[in-house]
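Take a moment with the sequence and the model before reading on. Then follow the text from one part to the next.

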Amino acid sequence: MTAASRQMKLGAFLWATGHHIAAWRHPKAHVMAGVDIDHYIQLARTAEAAKFDMVFCEDAAGLREANVGIASQTSRSIGFEPISLLSALAVQTSRIGLVSTASTSYNEPYGLARTFLSLDHLSGGRAGWNLVTSASPIEAANFGSTGLKPHADRYERAREFAEVVTGLWHGGASGHDGQSFSVRDPLDLPRSPQGAPVMVQAGASDVGRDLAARTADVVFTAAQTFEEAKAFYDDLKGRMAAYGREPDDIKIMPGVAPVVAETEAEAREKHEELQELIPDDVGVALLSSYLSISDLWRYPIDGPLPELPESEGMKSRQALVVEQSRRDGLSIRQLARHFAGARGHWRIVGTAAQVADELQARFEGGAADGFNVMPSWFPGELDAFATLVVPELQRRGLFRRDYEGRTLRDHLGLKRPA
Amino acid sequence: MDNGATMHLAVSLFPGAADGSPGSEPEFDRLAQLVQKAEAAELDMVVIADSAPAPAGDAVSRQAPFEATTLLAALATVTSRIGLVAGASTIGHQPYNLARRFASLDIISHGRAGWNATMAQAPREAANFSRSEGFSPDDFRRRTDEYIGIVQGLWQGWDADALLFDKSGGRFHDPEKMHLLDHKGEFFSVQGPLNVARSPQDTPLLVLSGLSEPDMDIAARTADVILLDDGPIDGAKARHDNLKRRVAVNGRAPDAVKVLTTIAPITDGRPTISADRLAGQFQSKGCDGFNIRMPMQPAALDDFIDLVLPELQRRGLFRESYRGTTLRSHLGLAGGGDQ
């Protein structure tokens, strides 16, 4: 694809009632999203009609929040298990890609490879796997009593896991006998309609980046500023040559949480309306979980963030939050509120033209190949992006007007594996 | 509750065997048509078999394009009444993950999902799941028993009225109505609760198969449906009575567990099943119904539905129409709001 015709990739990140922690309290949010399959079918069809590359689902094998009093004030303790959700969506859509997160920490590669390949067959070649390692002690407690494994160990297991899965997908021979896994047989399913399901990764730590440079087709990341996004982009693409890969073999798609309306004032008002619905204890608890500390509530809520010990959890996200708190001089309350809106992802509040300007600047400035769009609440904010921003991007020639191919690899412009 | 006058009927499908001619409709569409046909005939459920890899030398070991739980989710969206039961391995999945998958499938299908767990260790499976040595039969039995207890416990982690959806009060759920499992056992340690809401039928169905004699008590204590291999008809009643007695010993109503005999059509050239054979075994109280293992030819289902079912209905031995919408309601089992 030439530079002139290069177009951005867009994912629709579906999650519960919305990405904003208070989304479920929005008067028009579909509060029963976590038990209503028809709601998800409708969201996927909206995204497909808008020609999104894919819908994207996150996952965790456990509650998000250990404190049940806090958890009960959010909508995130229940929802669909994403692989079964996407399997249902596969036959209720026809073109859009279907990407689910699944952890390498509490699965086995043979089973996971087989399940994603089955999703790929159900969808006619539209499946993708977002590889993550699990950083939550709540999840760990559902899989034995030995506690969370150190970051480096999780990534070593992930590396071997990815190697086994891709080997199985590529029809490779069986007989893996490694450090964490042994597998005897090849998969008993035919080859993927798109060669192999798409591999997505989200880790941004140093080892996470190396693993992505080596194996990922798509990278999902969080970046607040253009500089952060550009530095990540250049660093990751720079690592690929060492593994014999071309920079264009990976599409980097940072998360973006847009709040869009006909006028800027209206967009700001919409945003404030949601911010006002965040209970302070919920905001602080969410911030604590991403900072991997448990006692943030002990500190004065209008004071600064305390010094933090180094994390075994989400290293890169902790650094991002700390950096932002120092840069903008935010109190714990302010930081919690800010963070609760999009969990540290980039937020744009404005008109369609303003949102498109910002996306275009990062896309054309070499800081992103596309974006994973994180609507603050469903269905309203996905509808707003589809009806306001997508046409604006299309007018500017930055986004497709129709699908050209059938598979997720076709949409993303990725090579079909040999 | 049903009165036991009519039999329950399941058909077992082997996705890899659904076929047909290359280049015709996509594989999923053909399978969906089969299941829709079974639904139109008011059958209780389809059982989607699964094993990874398929047993060597089995007639159904052709490459199947689908894994059973993903297929179930897809089928759930193109059917509305028939029960959908998928096989899933206790070696291939951690209990928390598997409990979550089936709870989710039950919500997707609006209360029509079931898990077919086998007590029999698949010969080559463990070798693909980093357990090249497998388990001894006794370890496998104790492990499966513990596993089932965890899955069923997780399925009951949320009370039926736990979700409040109270936007203005900021109360999404009632914290008192969510329960930790806190299981610490010989093979697993699982805290819970599940991060999927309660099943529309309280818990998805547990279907147990592959039982040997020592497994019968586990099945009597935990299963909603027991699939037994076919045997001599004169032994069937004693076997059925024995199982129901064990169910009662475990403090459950005998009718809380349905025993289905798995039969395969006689494949003398064209696959056939006779209504007389089913009626005979059912009326002599040898079982609560049948699980018919469909052979390769989809025409076998046509024959069964077009020829055998009307005869069973004429004799008053099979329902004319579904009475409820959940799988439990088809089977006359307690659970959920749809009795």
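Predicted model: local features only at pLDDT ≥ 70, side-chain atom pairs only at ≥ 80, totals over all residues.

Chain A gives 59 residues to the contact. Chain B gives 54. For chain A and chain B, about 4900 Å² is buried between them. Carbon and sulfur atoms hold 59% of that area. On the chain A side, three residues lose the most area to chain B: A:Ile78, A:Arg114 and A:Asn142. Together they make up 11% of what that side buries.

Charged side chains also meet across this interface. The rule finds four salt bridges between chain A and chain B. Look for A:Glu81 and B:Arg101. Their side chains form a salt bridge, with N to O at 3.0 Å.

Chain A is divided into two domains. Domain 1 covers 9–260 + 346–412, and domain 2 covers 274–338. The C-alpha centres of the two domains lie 25 Å apart.

How do these domains of chain A touch? In domain 1, 24 residues are in contact with 20 residues of domain 2. The two domains bury about 1900 Å² between them. Of this area, 62% is on carbon and sulfur atoms. In domain 1, A:Ile21, A:Gln224 and A:Arg347 lose the most area to domain 2. These three account for 23% of what that side buries.

Which polar links cross between the domains? The rule finds one salt bridge across this interface. It also finds four residue pairs in polar contact, both residues at pLDDT 80 or more. The side of domain 1 that touches domain 2 has 10 nonpolar, nine polar and five charged residues.

Last, look inside. Rolling a probe the size of a water molecule over the atoms shows where empty space is left. A search of the whole structure finds nine cavities of 30 Å³ or more. The largest cavity has a volume of about 230 Å³. It is lined by 21 residues. Closest to its centre are A:Trp15, A:Glu58, A:Arg64, A:Gly79 and A:Phe80. What kinds of residue make up the lining of the largest cavity? By class, 11 are nonpolar, four are polar and six are charged.

Note on methods: Residues numbered from 1 in each chain as written. Chains lettered and ligands numbered in written order. Heavy atoms only, no water. Domains from an automatic or database assignment. Contact = heavy atoms within 4.5 Å. Buried area = accessible area lost by both parts, 1.4 Å probe. Polar contact = N/O pair within 3.5 Å; in protein donor to acceptor, adjacent residues only side chain to side chain. Nonpolar A, V, L, I, M, F, W, Y, C, P; charged D, E, K, R; others polar. 1 Å grid on protein atoms, 1.4 Å probe; cavity = no way out; pocket = protein on both sides within 12 Å on 5 of 7 lines; lining within 4 Å. Points joined across faces, edges and corners; volume = space filled by probe spheres on them.
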